[in-house]
Amino acid sequence: MTPYTLVDHLPPDYAAKALRNDALRGLTADPKTLPPKWFYDKAGSDLFEQITVLPEYYPTRAEREILVAYADDIAAASGAATLVELGSGASVKTRLLLDALHPNAYVALDVSEAALREAADGLARDYPALQLTALVADFEHQLSVVPAGAHRLVAFLGGTIGNLEPVPRAQFLADLRGELRDGDAFLLGADLVKSPRVLLPAYDDAAGVTAAFNRNVLHVLNNGLGADFDPASFDHVAHWDPVAEWIEMRLLSRVAQVVTIRDLDLRVRFDRGEQLRTEVSAKFRREGLTAELAAAGFDPGGWWTDSAGRFSLSLWHPAARS
């Protein structure tokens, strides 16, 4: 008997249709773009795990430092009986929250069934009394599948909020507020604005792991859509936009070339030096983040950073409806 409940809320062809739609829309746009969720096939996920331990990549270490130091404070401020994690992935940092909260239940939501099963197997072994539910779903569109319950803490960690541009980010926060009830809370991990001398190496490491991770999205298109991208003909670029205050990851075409995408019946022309944007990673200031959460209907409940002030965890409660 499986020691957890897994419910798949995605249609069988969800990933294939979403990839087709995103590629068609993004590669025919000017400038060309792809959403960062397509980094994470098996190879991409393995590369990202390597990135998280690189000396240049501070976010994972900084967020863990906060949880080690303040998980008990977060637990006390939230009063949660159920922990819900959006985009849970491997649920590595989850254990620090579980050990502080001692909740009755844990709900993990992610688009990857394989990641959910692997994480749930480990948690079921280490927390045998915990009621575990794994939901295969898209947190941008399917928050309503999260089970109802009293005193839920919804955690959205890792700085993933920064991958959402301002309009979809506002929609996500508003949708989340609409699902929360009195007594619930929201724990948000957000990377903070800092010197480009710190930011840029985190997205362009000396060992070239991030470059391989970025180029891997072209393998995803080749494998998923019958494209003929030559990843070696694209250079990895990390760019800091000081106005938007976000990092952009891009792939720069080293030559003029035409790529055929068989399954879309599409030929995509790249000029020499043309760039394909593959990720936005917004960085935040406390006052700006507070304004965004307030606009979505949240009141602040706590703010914690690592010792160097690089990363934040913040707690939010649903504001009373007027």
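Mentor: Let's go through the ring pairs, then the cavities.

A word on the ground rules: this is a predicted model, where local features need pLDDT of at least 70, side-chain atom pairs count only at pLDDT 80 or more, and totals for chains, interfaces and linings use all residues. Residues are numbered from 1 along each chain as its sequence is written, and side-chain values use heavy atoms, with hydrogens and water left out.

Now the rings. There are 14 aromatic pairs in the structure. Rings of Phe, Tyr and Trp (its six-membered ring) pair if their centres lie within 6.5 Å; planes under 30 degrees apart count as stacked, over 60 as edge-to-face and the rest as tilted. One of the pairs is Tyr-57 with Tyr-203, an edge-to-face case with 6.3 Å from centre to centre and 70 degrees between the planes. Tyr-57 sits in the loop between α2 (42-51) and α3 (59-78), and Tyr-203 in the loop between α7 (196-202) and α8 (209-225), so this pair ties together parts that are 146 residues apart in sequence. Helices (H or I, at least four residues) and strands (E, at least two) are DSSP runs, numbered from the N terminus.

Tyr-57 is buried at 9% relative accessible area, and Tyr-203 is buried too, at 6%. Buried means under 20% relative accessible area, exposed over 50%, partly exposed in between (1.4 Å probe, protein chains only). Ring pairs also join Tyr-57 and Tyr-203 with Phe-39, Tyr-40, Phe-48 and Phe-213 into a cluster.

Next, look at Phe-186 and Phe-298, both of them buried. Their ring centres are 5.6 Å apart and their planes are at 40 degrees, so this pair is tilted. Phe-186 belongs to strand β7 (residues 185-191) and Phe-298 to strand β13 (residues 298-305), so the pair ties together parts that are 112 residues apart in sequence.

The structure has two cavities of 30 Å³ or more. On a 1 Å grid over the protein atoms alone, a cavity is a set of points where a 1.4 Å probe fits but cannot get out, and lining residues have an atom within 4 Å of a point. Grid points are joined across faces, edges and corners, and a volume is the space filled by probe spheres set on the points.

The largest cavity has a volume of about 70 Å³. Its lining includes Leu-86, Leu-143, Arg-152 and Glu-179, and β6 (152-156) and α6 (166-179) each supply at least two lining residues. By type, that lining divides into six nonpolar, no polar and two charged residues. Here Ala, Val, Leu, Ile, Met, Phe, Trp, Tyr, Cys and Pro count as nonpolar, Asp, Glu, Lys and Arg as charged, and the others, Gly among them, as polar.

The second largest cavity holds about 50 Å³ of space. Among its lining residues are Tyr-4, Tyr-106, Leu-116 and Thr-133. α5 gives the most to this lining, with four residues, while β4 (105-110), α5 (113-126) and β5 (131-136) each supply at least two. The lining of this second cavity divides into nine nonpolar, one polar and no charged residues.

Notes
On a 1 Å grid over the protein atoms alone, a cavity is a set of points where a 1.4 Å probe fits but cannot get out, and a pocket is an open set with protein on both sides within 12 Å along at least five of seven lines; lining residues have an atom within 4 Å of a point.
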